[in-house]
Amino acid sequence: MAFVTAFRRLSQFTVGQCCRRTAAVTWSGCLSSQRSLTIGTNPLRSDKVTVHFINRDGEKITSKGSPGDSLLDVVINEDLDFDGFGACEGTLACSTCHLIFDEEVYKKLGPITDEEMDMLDLAYGLTDTSRLGCQICLTKSLEGMVARVPEGVADVRQSKDGSS
């Protein structure tokens, strides 16, 4: 019984902060033999931020994410189909989550690191308002923001003919 109690307590344990977001480990219960790992903010939080993505075809896709989630988290959690997006899973080792923002949104995104600038140098279609989605964390002030996915992506996993 102590084992079951420990797992129930673990379901409320917050692992830590990363990019102002928390990774919460939740256990559905020992008796059901199911477990899940939720990356993002506390699942009990109900405040969501609306994000509008413009995909490579010009289609507007509206999603919601929790404050503290990165834009990469939103794309993954909402299962948005952007080819090659987030190849390094947010480790700042590629530029496949390159996004382009309107000037007024770009000014709200906060400072850009040297590491992010280095990765952006490898991105196709780089603009003055380009950022990496894995480095942009949602806040309520970004409600309704628009992020445009560039037409091309620098993904070393694809061959020169575009196949994987």
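The model is a predicted one. Glutamate 78 sits in the loop between helix 2 (71-77) and strand 6 (98-101). Its relative accessibility is 40%, so glutamate 78 counts as partly exposed.

## Threonine 96 in the loop

The loop between helix 2 and strand 6 also holds threonine 96. Is threonine 96 buried or exposed? Threonine 96 counts as buried, because its relative accessibility is 2%, and buried means under 20%.

The side chain of threonine 96 makes polar contacts with backbone. It reaches the backbone nitrogen of glycine 86 at 3.0 Å. A polar atom of this threonine 96 side chain also lies 2.8 Å from the backbone nitrogen of alanine 87.

## Positive phi in the loop

Most residues other than glycine have a negative phi. Glutamate 89 has a positive phi, near 60°. Leucine 92 is not a glycine either, and its phi is positive at about 60°.

Where do these residues lie? Glutamate 89 is in the loop between helix 2 and strand 6. Leucine 92 is placed in the loop between helix 2 and strand 6 as well. Glutamate 89 has 69% relative accessibility, so it counts as exposed; the cut-off for exposed is over 50%. Leucine 92 has a relative accessible area of 21% and is therefore partly exposed.

## The salt bridge

How many salt bridges are there? The count comes to one. Glutamate 116 pairs with arginine 131, and the closest N and O atoms are 2.8 Å apart.

## The chain as a whole

The protein chain has four helices and eight strands. Along the sequence, these elements follow the pattern α-β-β-β-β-β-α-β-α-α-β-β. The chain has 164 residues, and 40% of them count as buried.

Key: Residues are numbered from 1 along each chain as its sequence is written. This is a predicted model: local features need pLDDT of at least 70, side-chain atom pairs count only at pLDDT 80 or more; totals for chains, interfaces and linings use all residues. Side-chain values use heavy atoms; hydrogens and water are left out. Helices (H or I, at least four residues) and strands (E, at least two) are DSSP runs, numbered from the N terminus. Buried means under 20% relative accessible area, exposed over 50%, partly exposed in between (1.4 Å probe, protein chains only). A polar contact is a pair of N or O atoms within 3.5 Å; within protein, one must be able to donate a hydrogen and the other to accept it, and residues adjacent in sequence count only if both atoms are side-chain atoms. A salt bridge is a side-chain nitrogen of Lys or Arg within 4 Å of a carboxyl oxygen of Asp or Glu.
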